[in-house]
Amino acid sequence: MVISESQSRFAQGWSEADYVGGHPALDFINTVADTGKTRLGDKIGSWEALRDWVGGAGLLSKQELAAFLQDPELDDDGALARLHDLREQAYEGMLGLAGLADTARQGMAYQGMEHVGEAIREALGRGAFREEGGRFRWRPDAGSSERWLDAVALGLEDFLRSEDVARLRQCARCTWLFVDRGRGAGRRWCDMRTCGNRAKAEAFRCR
Ligand SMILES: [Zn+2]
């Protein structure tokens with residue numbers, strides 16, 4: 001059997017279409033499967049799914065990922081629940097940043113960013129300031145039971161300090177977030193292969 005390059009690059013259950021946010025922190029927030037504005041279809045319901053996801057995400061370096069995978073006993077249900085909580089709090093915060101939180105949601109957006117800020121503070125407290133490719137960054141401690149939470153928090157910190165925040169957008173169809181690096185009218189969909197095509201098909205049926 002011939003395995004194409006795009007298939008072999010990603011672990012089971014994940015494909016290129018899962019990493020369209022433009023930053024690993026946004027791709028993490030996008031780990032829900034819903035095609036509308038609900039966020040009930042969780043795609044990282046188990047540690048196995050999360051470990052498979054991170055391989056294609058660029059959130060950790062190869063060496064970091066290898067160190068994380070060496071000791072799976074460190075990962076418990078509590079840490080997975082805290083990761084889900086951080087994901088949803090970060091989502092609400094990002095909606096606020098993108099100017100998409102309506103009046104009813106602004107309190108949640110504020111709380112979301114507070115939660116993210118606290119997670120970043122804790123991650124910095126446990127992390128190490130390390131050189132990586134000529135650039136220094138805060139990195140998570142692979143020996144901590146909070147390491148995945150810290151990896152995501154430090155990813156969020158990296159994104160939130162970047163100029164890409166000004167280009168943060170949400171898909172017109174689902175809840176996925178992305179950095180719009182295009183010019184002109186701007187990108188409307190998380191991905192043309194998924195939401196873009198579904199929206200086109202619907203517009204065609206409505207005619
Ligand atoms: Zn979408």
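**Zinc site and pockets**

The second largest pocket has a volume of about 160 Å³. This is a predicted model, in which local features need pLDDT of at least 70, side-chain atom pairs count only at pLDDT 80 or more, and totals for chains, interfaces and linings use all residues. Residues are numbered from 1 along each chain as its sequence is written, and side-chain values use heavy atoms, without hydrogens and water.

**Pockets**
- A pocket is an open set of points on a 1 Å grid over the protein atoms alone, where a 1.4 Å probe fits, with protein on both sides within 12 Å along at least five of seven lines; lining residues have an atom within 4 Å of a point.
- Volume is the space filled by probe spheres set on the points.
- The second largest pocket is lined by 13 residues, and Val32, Ala33, Trp176, Thr194 and Arg198 lie nearest its centre.
- The largest pocket has a volume of about 180 Å³.
- Its lining has 16 residues, with Arg137, Arg139, Leu154, Gly155 and Asp158 nearest the centre.

**Zinc site**
- Cys171, Cys174, Cys190 and Cys195 coordinate the zinc ion through their SG atoms at 2.3 to 2.4 Å; donors are N, O and S atoms within 2.8 Å of the metal (3.2 Å for Na, K and Ca).
- The site is tetrahedral, with angles of 104 to 114 degrees among the 4 donor atoms (four donors count as tetrahedral if all angles lie between 85 and 135 degrees).
- Along the chain, the donors follow the spacing C-x2-C-x15-C-x4-C.
- Cysteine 174 is buried at 1% relative accessible area (buried means under 20%, with a 1.4 Å probe and protein chains only).
- Cysteine 190 is also buried, at 4%.

How values were computed. Tetrahedral: all angles 85-135°; square planar, octahedral: opposite > 155°, others 65-115°. Buried < 20%, exposed > 50% of the residue type's maximum accessible area, 1.4 Å probe, protein only.
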